Amino acid sequence: MVLLGASFWGVSGTAAQYLFQKQGFSPEWLTVMRLLISGVLLLGIAYKKEKNLLWGIWKNKTDRISILLFGILGMLAVQYTYFAAIKEGNAATATVLQYLAPALITCYAAIRARSLPSKTVAVSVIFAILGTFLLVTGGQIHTLSISGWAVFWGITSAFALAFYTLQPKKLLLKWGSALVVGWGMLIGGIFFSLIHPPWRFSGQWSLSSLAAVAFVILFGTILAFYFYLESTKYISATEVSLLASAEPLSATFISIVWLQVPFGLAEWIGTLCIVGTITILSIVKAEKK
């Protein structure tokens, strides 16, 4: 389940790249539609399972502020920056750069605890930095293998994902994933609608573009989320996070095969360095437990 969910996420990034670069769609329109439709569907699922809890999150002032922050600065931010990074570069590099988030979270935890990270964690962060360097330069010190905007949005996406991961912990423990993520998506979608209304559309509709949009929303959001959550019932959180690294690998593989994205030895080494960071940090977390 976790492999399927992570792969759906990765492939949906490639589908988004196809929409942006081949069919003229905008990241703004796809972001707002993905958030609105997925938010409604997830809340519908949550309502069916926990009818009495659906509106409970709005009754407490602290929870209201927290879910609004999560929806706008977490959910919306991570979705839009990721799609913007894909449009300016490609799904492979955008997804891998986003996976710098675990290293950022580790650094944040060390600063907050006012203690130096362990040698193992320090090595993993160095791997992440090295991987980023190789990925964005292709091993050439004085040049970028992708545009500066792609690097900017990709790294911003990593910071947004770090916030998305850390901020809603109390909400998730109190209300559960389906409600928190569903409301987060709907809030993010409604807020972004004020900036980019859903009816402001640009692009070319065809059977393939319709299929790509459907895949991003249904497989890349609803089913990916469902499979990811269901997998936690059968395997540990550490195993889930390790197997979730299939997302950047699947995005890279599909981008190369389907969209012929150039990916040399340096980019592959960079990708493996960042995936290796996830592996090391997951093992360290498991050992602490």
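I took the bend at a residue as the angle between axes fitted to the seven residues ending there and the seven starting there. The model is predicted, so local features need pLDDT of at least 70 and side-chain atom pairs pLDDT 80 or more, while totals for chains, interfaces and linings use all residues. Residues are numbered from 1 along each chain as its sequence is written, and side-chain values use heavy atoms, without hydrogens or water.

**Helix 3**

I looked up helices as DSSP runs (H or I, at least four residues), numbered from the N terminus. In helix 3, I found a kink of about 35 degrees centred on Ala 77. I then checked the length: the expected span is 1.5 Å times one less than the number of residues. The 28 residues of helix 3 (61–88) should therefore span 40 Å, and the end C-alpha atoms, 39 Å apart, agree with this. At the start of helix 3, I noted a side-chain oxygen of Asn 60 within 2.9 Å of the backbone nitrogen of Thr 62.

**Helix 3 with helix 9**

Axes are lines fitted to C-alpha atoms over the stretch in contact, with angles from 0 to 180 degrees between N-to-C directions. I found that the axes of helix 3 and helix 9 (residues 177–195) come within 8 Å and cross at roughly 75 degrees. Helix 3 is therefore roughly perpendicular to helix 9 (65 to 115 degrees). In this contact (heavy atoms within 4.5 Å), I listed residues including Phe 70 and Met 75 of helix 3 and Trp 183 and Phe 191 of helix 9.

**Helix 4 with helix 12**

I found helix 4 (residues 91–98) and helix 12 (residues 246–259) packed at about 170 degrees, with axes 8 Å apart. Helix 4 is therefore roughly antiparallel to helix 12 (over 145 degrees).

Conventions: Helices (H or I, at least four residues) and strands (E, at least two) are DSSP runs, numbered from the N terminus. A polar contact is a pair of N or O atoms within 3.5 Å; within protein, one must be able to donate a hydrogen and the other to accept it, and residues adjacent in sequence count only if both atoms are side-chain atoms. Angles under 35 degrees count as roughly parallel, over 145 as roughly antiparallel, 65 to 115 as roughly perpendicular and the rest as oblique.
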